[in-house]
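Good morning, everyone. Please have a look at the sequence and the model on the screen, and then I'll walk you through some of the details.

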Amino acid sequence: MKNIYIIANWKANKNTQDATSWLEQIGSSWQSESKVVILCPAFPLLHVVRDFIEEENLPLQIGSQDISKFDSGPFTGEVSGQVLKDYVTYSIIGHSERREKLGESDEDAAQKVTQANKNGLKPVFCVQNAMTPIPYSIELVAYEPVFAIGTNSPDTPENAESIARQIKEKNPNVKYVIYGGSVTPENVHSFTSKDQIDGVLVGTKSLDPVTFSEIITNS
Ligand code: PGA
């Protein structure tokens with residue numbers, strides 16, 4: 001059975017209280033070795049999320065939504081890999097919201113990958129189509145077409161699979177391609193059942209713990 005990655009990207013949502021309440025409700029009903037469930041909260045929530053997951057022994061991994069392109073040092077406001085490695089295993093890099101709204105370039109994303117690698121973090125490298133350059137070391141890619149993010153208008157599973165195949169063909173180190181953009185409990189299986197699609201990156205529908213656990217169950 002293939003591994004399925006299911007990633008919750010909370011974006012700039014939830015405070016400490018909301019995060020704790022979500023964790024209390026998420027439970028662990030999916031406990032299954034083949035489902036790798038990764039929670040990506042905002043930076044200040046990492047501490048409380050990590051401690052809760054450890055104490056309750058929840059089958060969740062933690063990822064950051066970003067990582068600094070800089071090493072540790074005089075970079076006010078940045079969160080470096082050296083800080084993150086105490087909290088996270090994964091790091092989302094190059095999300096289209098950062099590229100579009102915060103001016104992040106392919107070069108920035110590549111530098112972030114260098115920092116993730118240096119600190120032993122696994123990048124979840126986001127691409128918007130099969131043409132986005134992918135750094136050589138990347139194993140896990142999230143294909144997230146901009147038109148599908150937060151729009152209730154997902155890509156078709158057939159097109160997503162075709163893009164996933166192209167990405168794997170062009171980038172021999174890429175082992176897993178997941179799909180992101182308007183994933184719901186109703187449509188998740190149509191993506192994860194495709195041979196070339198290894199999971200989903202979920203934004204809006206990850207915010208409610210009941211909906212997100214339905215996505216895990218149905219995936
Ligand atoms: P969405 O976001 O599920 O709200 O479309 C996906 C993402 O941006 O990761």
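Let's start with a salt bridge. The side chains of Lys118 and Asp71 meet in one, with 2.4 Å from N to O. Where do these two partners sit in the chain? Lys118 is in helix 5, residues 106-118. Asp71 is in the loop between strand 3 (61-64) and helix 3 (81-84). That puts the partners 47 residues apart, so this pair links distant parts of the chain. Now their surroundings. Lys118 has a relative accessible area of 53%, so Lys118 is exposed. Asp71 has 35%, so Asp71 is partly exposed.

A word of caution before I go on: this is a predicted model.

Next pair. Glu158 forms a salt bridge with Lys194. Here the closest N and O atoms are 3.5 Å apart. Glu158 belongs to helix 6, residues 157-170. Lys194 belongs to the loop between helix 7 (188-192) and strand 8 (199-202). Again the pair links distant parts of the chain, this time 36 residues apart. Glu158 is partly exposed, because its relative accessible area is 49% and the exposed class begins over 50%.

Third pair. Lys11 and Glu97 also join their side chains in a salt bridge, at 2.8 Å from N to O. Lys11 is in the loop between strand 1 (4-9) and helix 1, while Glu97 is in helix 4, residues 96-101. These parts are 86 residues apart in sequence, so the pair ties them together. Glu97 counts as partly exposed, at 24% relative accessibility.

How many salt bridges are there by this rule? The count comes to 12. Asp66, Arg98, Glu104 and Lys112 are linked in a network of salt bridges.

Which residues form the negative surface patch? They are Glu24, Glu54, Glu55 and Glu56. Helix 2, residues 46-56, gives the largest share of that patch, with three residues. Take Glu55 as one of the members. Glu55 is in helix 2. Its relative accessibility is 65%, so Glu55 counts as exposed.

Let's go from the surface to some buried residues.

Start with Ser34. Ser34 is in the loop between helix 1 (16-26) and strand 2 (35-40). Is Ser34 buried or exposed? At 11% relative accessibility, Ser34 counts as buried. Which residues does Ser34 contact, once we leave aside neighbours within four places in sequence? They are Met1, Lys2, Asn3 and Ile4.

Next is Asp198. Asp198 is in the loop between helix 7 and strand 8. With 6% relative accessibility, Asp198 counts as buried. Leaving aside neighbours within four places in sequence, its contacts include Lys2, Asn3 and Ile4. Tyr5 and Lys168 are also among them, as are Lys175, Tyr176, Val177 and Ile178. Ile67 gives us a distance to check on the screen. Asp198 and Ile67 are 131 residues apart in sequence, and their C-alpha atoms are 23 Å apart in space.

Then Pro123. Pro123 is part of strand 5, residues 122-127. Pro123 counts as buried, at 11% relative accessibility. What does Pro123 touch, not counting residues up to four places away in sequence? The answer is Ser91, Ile93, Val113, Ala116, Asn117, Ile138 and Leu140. For a distance, take Gln25. Pro123 and Gln25 are 98 residues apart in sequence and 28 Å apart in space, C-alpha to C-alpha.

Last topic: backbone angles. Most residues other than glycine have a negative phi. Two residues here go the other way. Asn152 is not a glycine, yet Asn152 has a positive phi of about 65 degrees. Asn152 is in the loop between strand 6 (140-143) and helix 6. Its relative accessible area is 67%, so Asn152 is exposed.

The other one is Ser182. Phi of Ser182 is positive too, near 55 degrees, and again the residue is not a glycine. Ser182 is in the loop between strand 7 (176-180) and helix 7. At 15% relative accessibility, Ser182 counts as buried.

Terms used:
Residues are numbered from 1 along each chain as its sequence is written. This is a predicted model: local features need pLDDT of at least 70, side-chain atom pairs count only at pLDDT 80 or more; totals for chains, interfaces and linings use all residues. Side-chain values use heavy atoms; hydrogens and water are left out. Patches are made of residues with over 30% relative accessible area and no salt bridge: like charges are joined within 9 Å, nonpolar side chains (Val, Leu, Ile, Met, Phe, Trp, Tyr) within 5 Å. Accessible areas come from the Shrake-Rupley method with a 1.4 Å probe; for residues, only the protein chains shown count as cover. A salt bridge is a side-chain nitrogen of Lys or Arg within 4 Å of a carboxyl oxygen of Asp or Glu. Lys and Arg count as positive and Asp and Glu as negative; His and the chain ends are not counted. The place of a charge is taken as NZ of Lys, CZ of Arg, CG of Asp or CD of Glu. Helices (H or I, at least four residues) and strands (E, at least two) are DSSP runs, numbered from the N terminus. Buried means under 20% relative accessible area, exposed over 50%, partly exposed in between (1.4 Å probe, protein chains only). Contact means heavy atoms within 4.5 Å.
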